[in-house]
2 protein chains.
Amino acid sequence: MIDLYPNDEASTPKKRGRPKIDPDQSETRRKLIRAGLVHLTEKGYSSVGVDEILHAAGVPKGSFYHYFANKADFGLQLVDAYNRFFLAKLDKAFEQRDLSPLDRLRAFTRDAEAGMAHYDFRRGCLVGNLGQEMGALPEGFRARLIEVLEEWQARTADCLSEAQADGALGPDRNVEELALFFWTGWEGAVLRAKLEKGPEPLRRFTTTFFDLLAE
Amino acid sequence: MIDLYPNDEASTPKKRGRPKIDPDQSETRRKLIRAGLVHLTEKGYSSVGVDEILHAAGVPKGSFYHYFANKADFGLQLVDAYNRFFLAKLDKAFEQRDLSPLDRLRAFTRDAEAGMAHYDFRRGCLVGNLGQEMGALPEGFRARLIEVLEEWQARTADCLSEAQADGALGPDRNVEELALFFWTGWEGAVLRAKLEKGPEPLRRFTTTFFDLLAE
């Protein structure tokens, strides 16, 4: 889930009417996004202050407000950066044509586990963290977080459809429901892996999920 | 999950050497626990300050420190209160001898959904909330939260064993793994229901879970 240094400059969305920024400022924005992802995947939104991000990024306060209207705007831009990083990760897994479709999904879970292990299972999923904190977040996060999860699900449903076309999944399976079920459970497994500080919850969830599909 | 007014006076653990408290003080503690459960299931640990709890409970600061050493101690006592409430809820569901074992687990999910609906899906599971925030919590929470989840799982595994004895679940099923799988996914479903502010994630998770078991 969490090999969290997306190189997001190239895909930074252009804001209408914003003057062209020089490379140095763009580097500043990248540092802020990077520090934000590190802190928020580890501790969530509420417990991290803007000052902590500034300190970690080594960036003065004025620069933050050059790029972001406020903490909520920053949070939403973090969601976008995380989603770009994450969709690339999913696409990489699902495009492995040398693997069967179900093995591609398995490969994603192993890749995500390696990402979490790299940070000693301290960092969870930004989307899961923010979802859990919904009661303390500005309302604008809700629709965006749902949208992001639905994007991940749609790609997973496509992978499961390929498994169905191959005969690895029965024709009566509802791939959209299975994709939702996978993501619902996977977010729970990431939470539990963070809680237990180890890979077992991810592995055990994955094993049972595929065992149940195989029946 | 969340019909959150446990009447926990009766089972308040006695502290060694603490002088007997008068009924009024006990009522004060109960108000603090109640306010804590409301606020932490809704917003998590990090974003809720002790002052907010005091204000909601209508209790002066000194009383808080009479009962709790600090916010972390309060948080751990909230976990205990929540666990007592939750085990009672599970026992109630699993002791319905007029239902089949799998229908008892289904009954729990409906009861939990009704609990969330009662608070408009604003309140999640205290244990899930705290697990997600693990990076921002004192280390002492980790072992306790894992222990609580394992208690819920053990009761669920017993229920699944009864389903196995009845023949509703095949003899080759690993009920411990299925109970872990259920709770991992259920915590994810509660998170998603809170995010979507509606019952669909709980219902769709439950339906797919039992469909997969039935195969």
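A salt bridge here is a side-chain nitrogen of Lys or Arg within 4 Å of a carboxyl oxygen of Asp or Glu. With that in hand, select R204(A) and E177(B): they form a salt bridge whose closest N and O atoms are 2.8 Å apart.

Before going on, some housekeeping. This is a predicted model, in which local features need pLDDT of at least 70 and side-chain atom pairs count only at pLDDT 80 or more, while totals for chains, interfaces and linings use all residues. Residues are numbered from 1 along each chain as its sequence is written, chains are lettered from A and ligands numbered from 1 in the order in which they are written, and side-chain values use heavy atoms, with hydrogens and water left out.

**Stop 1: the partner bridge**

Now pick R204(B) and E177(A), another salt bridge with its closest N and O atoms 2.8 Å apart. R204(B) is in helix α9 (residues 200-214) of chain B and E177(A) is in helix α8 of chain A, so this pair joins two chains. (Helices, H or I of at least four residues, and strands, E of at least two, are DSSP runs numbered from the N terminus.) R204(B) is partly exposed at 32% relative accessibility, and E177(A) is partly exposed at 21%. For those labels, buried means under 20% relative accessible area, exposed over 50%, and partly exposed in between (1.4 Å probe, protein chains only).

**Stop 2: the whole interface**

Zoom out and colour by chain. How many salt bridges are there between chain A and chain B? The count is 2. Contact means heavy atoms within 4.5 Å, and 39 residues of chain A are in contact with 39 residues of chain B. The two chains bury about 4,000 Å² between them, 63% of it on carbon and sulfur atoms; buried area is the accessible area (1.4 Å probe) that two parts lose on being put together, summed over both.

Turn chain A over to see its copy: it can be laid on chain B with an RMSD of 0.0 Å by a turn of 180° and a shift of 0.0 Å along the axis. That is the relation of a two-fold axis. The superposition is by least squares on the C-alpha atoms of residues with pLDDT of at least 70 in both copies. The copies meet through the same surface, because 100% of the interface residues of chain A are also interface residues in chain B.

**Stop 3: a loop at the boundary**

Select M134(B), in the loop between α6 (126-132) and α7 (140-166) of chain B. Buried or exposed? M134(B) is buried, at 3% relative accessible area. Leaving aside neighbours within four places in sequence, M134(B) is in contact with K194(A), L195(A), E139(B), F141(B) and R142(B).

**Stop 4: ties inside chain A**

Over all chains the structure holds 32 salt bridges. Take R144(A) and D80(A), with closest N and O atoms 2.8 Å apart. R144(A) lies in helix α7 and D80(A) in helix α4 (residues 71-94) of chain A, so the pair ties together parts 64 residues apart in sequence.

Next, E162(A) and R104(A) form a salt bridge at 3.1 Å between the closest N and O atoms. Here helix α7 supplies E162(A) and helix α5 (residues 101-118) supplies R104(A), so parts 58 residues apart in sequence are tied together. E162(A) is partly exposed at 29%, whereas R104(A) is buried at 5%.

**Last stop: N83(B)**

Finish in helix α4 (residues 71-94) of chain B, where you'll find N83(B). N83(B) is buried, with 4% relative accessibility. Not counting residues up to four places away in sequence, N83(B) touches R144(B), V148(B), E151(B) and W152(B).
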